[in-house]
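Here are my notes on the model, point by point. Please read them with the structure open.

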Amino acid sequence: KNDESIQQAGVYLMAHFLYTQNRYLDKQDIGDFLSKLETSVLNEKQSDQLRTFYFSHIDFTELSFVNAYRKFLCSSGFALPKEAQLIDNLLNCFASIYSDMHAELDSESVLVLSYGAMMLNTELHHPQILKTRGGKSAMDVTQFQQM
């Protein structure tokens with residue numbers, strides 16, 4: 001039990017360091033490290049704790065979903081990784097923390113909304129999608145509902 005408490009404290013200190021010193025660190029490296037299920041220094045449980053501790057430094061309580069999501073993606077000291085599974089790990093953590101701060105929401109609803117917003121943003125701004133569609137975003141409501 002004591003070893004587990006020490007390890008948890010170490011994970012908290014690591015998250016605290018990453019969050020408070022992120023302006024000096026590579027944002028992509030932070031995002032990649034936070035999103036991995038396991039690393040050479042953390043097992044899966046510790047990686048989950050790291051994400052939770054890191055994002056618990058951010059107060060989303062007074063923010064609407066849109067503003068909280070924007071803050072999460074744009075000013076939380078990390079860059080999204082490129083792999084879908086790694087992005088999923090971060091979005092799951094955001095959904096859990098945001099729903100904990102907003103009792104009227106459940107984490108599954110926040111997660112679905114997060115994915116939907118990300119898909120629409122990708123549809124609207126990704127250069128490869130725009131290029132294949134002649135510069136036009138072509139997703140309609142029906143296509144969005146089928147995602």
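1. Helix α2 and helix α3 (residues 44-55) pack with their axes 8 Å apart, at an angle of about 130 degrees. That angle makes α2 oblique to α3. Bear in mind here and below that this is a predicted model.

2. Which residues make up this pairing? On the α2 side they are Ile30, Phe33, Leu34 and Ser35. On the α3 side they meet Leu50, Arg51, Tyr54 and Phe55.

3. Helix α2 also packs on helix α5 (residues 84-101), where the two axes come within 8 Å and cross at roughly 80 degrees. Because angles of 65 to 115 degrees count as roughly perpendicular, α2 and α5 are described as roughly perpendicular to each other. Gly31, Leu34 and Ser35 of α2 make the contact, together with Leu86, Asn89 and Leu90 of α5. Leu34 and Ser35 are also listed among the α2 residues that meet α3.

4. How many salt bridges does the structure hold? There are 2.

5. Asp48, at 37% relative accessibility, counts as partly exposed. Arg51 is also one of the α3 residues that meet α2.

6. The side chains of Glu4 and Lys45 form a salt bridge as well, with 3.2 Å between N and O. This pair links distant parts of the chain, since Glu4 is in helix α1 and Lys45 is in helix α3, 41 residues apart. Glu4 has a relative accessibility of 42% and so counts as partly exposed. Lys45 is likewise partly exposed, at 47%.

7. On the surface, Phe17, Tyr24 and Leu25 form a nonpolar patch. Together these three side chains' residues have about 320 Å² of accessible area. Where does Leu25 sit? Leu25 is in the loop between α1 (2-20) and α2 (27-35). With a relative accessible area of 30%, Leu25 is classed as partly exposed.

Definitions and conventions. Residues are numbered from 1 along each chain as its sequence is written. This is a predicted model: local features need pLDDT of at least 70, side-chain atom pairs count only at pLDDT 80 or more; totals for chains, interfaces and linings use all residues. Side-chain values use heavy atoms; hydrogens and water are left out. Patches are made of residues with over 30% relative accessible area and no salt bridge: like charges are joined within 9 Å, nonpolar side chains (Val, Leu, Ile, Met, Phe, Trp, Tyr) within 5 Å. Accessible areas come from the Shrake-Rupley method with a 1.4 Å probe; for residues, only the protein chains shown count as cover. A salt bridge is a side-chain nitrogen of Lys or Arg within 4 Å of a carboxyl oxygen of Asp or Glu. Helices (H or I, at least four residues) and strands (E, at least two) are DSSP runs, numbered from the N terminus. Buried means under 20% relative accessible area, exposed over 50%, partly exposed in between (1.4 Å probe, protein chains only). Axes are lines fitted to C-alpha atoms, for helices over the stretch in contact, and angles run from 0 to 180 degrees between N-to-C directions. Angles under 35 degrees count as roughly parallel, over 145 as roughly antiparallel, 65 to 115 as roughly perpendicular and the rest as oblique. Contact means heavy atoms within 4.5 Å.
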